[in-house]
Amino acid sequence: MPPAHRISIFPGAQAVARELAARIAHSLRKKPALVLGLPTGRTPLLLYAELARLAAAGAVDFSAATTFNLDEFYGISPSHRGSYRSFMQRYLFDHVNIDGDRVQFLDGSAASAADEGCRYEKAIDEAGGIDLQILGIGSNGHIGFNEPAAALEARTHLVTLKPETRRSNAELFGGDPEAVPTQALSMGMATILDARSIVLVATGERKAACVEKLVTGSISTQLPASFLQLHGDVDIILDEAAASKLTL
Ligand code: GLP
């Protein structure tokens with residue numbers, strides 16, 4: 001069976017970032033009021049640097065765009081240095097002409113995680129749904145903070161983070177995995193699959209095994225990324241290292 005997704009492979013992470021930034025800039029030209037879903041993590045750092053470079057050159061316009069980030073730590077305020085809200089401000093929002101009122105984010109300091117999840121789902125609906133969702137992937141196959149589990153929650157919800165996920169986010173908290181919040185809010189897989197188109201980006205050898213399973217394996221809650229096989233418009237953009245276990 002041919003893979004359900006379109007797969008593009010580039011020589012390195014920088015070429016991946018350039019390609020993806022060009023696609024986003026193109027989507028914004030076609031639809032200035034684009035609703036864009038965004039990830040955090042190390043992978044999109046080069047993408048955000050490339051978007052900042054394009055913005056400085058006047059080659060990308062975010063002025064009418066709306067963004068929704070995938071996830072946020074629960075139990076810290078948006079202004080905490082380790083929050084994903086702060087991460088996005090540092091690496092993207094400070095460098096592009098986005099209107100702050102159109103930056104949508106899960107609030108990690110919300111008193112009720114359930115109410116915050118409902119608010120976010122409603123905000124996505126009211127914005128007309130996500131046009132283009134950019135995704136990274138955790139090395140265990142998680143998407144957003146949808147961790148491998150016996151069952152997945154469809155919609156935006158509270159998650160307990162796995163020790164490996166806390167470890168891989170430790171950098172944001174002074175390098176101490178124990179300082180990483182134990183819980184997070186995340187869009188659910190159904191929220192993500194509602195996006196009109198999806199681009200998953202993975203770079204580096206560390207992602208090769210989960211990329212291979214995502215592309216060729218069966219759909220399993222133990223590999224949340226495998227649910228992307230149910231979507232009709234998914235692009236997977238890889239560098240050669242992340243593609244190294246694929247036999248296409
Ligand atoms: C975090 C984020 C995910 C991201 C993943 C991979 O856990 N919640 O959205 O895809 O990390 O991160 P990296 O790109 O650093 O490997």
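Is Phe 173 buried or exposed, and what is its relative accessible area?

1. In this predicted model, Phe 173 is buried, with a relative accessible area of 10%; this value falls under the 20% limit for that class. Phe 73 is likewise buried, at 0%.

2. Phe 73 and Phe 173 form an edge-to-face aromatic pair, with 5.2 Å between the ring centres and 90° between the planes. Phe 73 belongs to strand 4 (residues 71–74), whereas Phe 173 sits in the loop between helix 5 (163–168) and strand 8 (183–186), so the pair ties together parts 100 residues apart in sequence.

3. A further edge-to-face pair is made by Tyr 84 and Phe 87, at 6.5 Å centre to centre and 70° between the planes. Both residues lie in helix 3 (residues 84–91), 3 residues apart, or about one turn of the helix. Tyr 84 and Phe 87 are both buried.

4. The structure holds 7 aromatic pairs. One aromatic cluster is formed by Phe 73, Tyr 84, Phe 87, Tyr 91, Phe 145 and Phe 173.

5. Turning to the helices, the axes of helix 1 (residues 13–30) and helix 2 (residues 44–56) come within 8 Å and cross at roughly 55°. The two helices are therefore oblique to each other, and helix 1 passes helix 2 in a right-handed crossing.

6. In the contact between these helices, residues of helix 1 including Ala 17, Leu 20, Ala 21 and Ile 24 meet Leu 46, Leu 47, Glu 50, Leu 51 and Leu 54 of helix 2. By class, the contact comprises 10 nonpolar, 1 polar and 2 charged residues.

Notes
Residues are numbered from 1 along each chain as its sequence is written. This is a predicted model: local features need pLDDT of at least 70, side-chain atom pairs count only at pLDDT 80 or more; totals for chains, interfaces and linings use all residues. Side-chain values use heavy atoms; hydrogens and water are left out. Axes are lines fitted to C-alpha atoms, for helices over the stretch in contact, and angles run from 0 to 180 degrees between N-to-C directions. Helices (H or I, at least four residues) and strands (E, at least two) are DSSP runs, numbered from the N terminus. Angles under 35 degrees count as roughly parallel, over 145 as roughly antiparallel, 65 to 115 as roughly perpendicular and the rest as oblique. A crossing is left-handed if the near helix is turned anticlockwise from the far one by less than a right angle, and right-handed if clockwise. Contact means heavy atoms within 4.5 Å. Ala, Val, Leu, Ile, Met, Phe, Trp, Tyr, Cys and Pro count as nonpolar, Asp, Glu, Lys and Arg as charged, and the others, Gly among them, as polar. Rings of Phe, Tyr and Trp (its six-membered ring) pair if their centres lie within 6.5 Å; planes under 30 degrees apart count as stacked, over 60 as edge-to-face and the rest as tilted. Buried means under 20% relative accessible area, exposed over 50%, partly exposed in between (1.4 Å probe, protein chains only).
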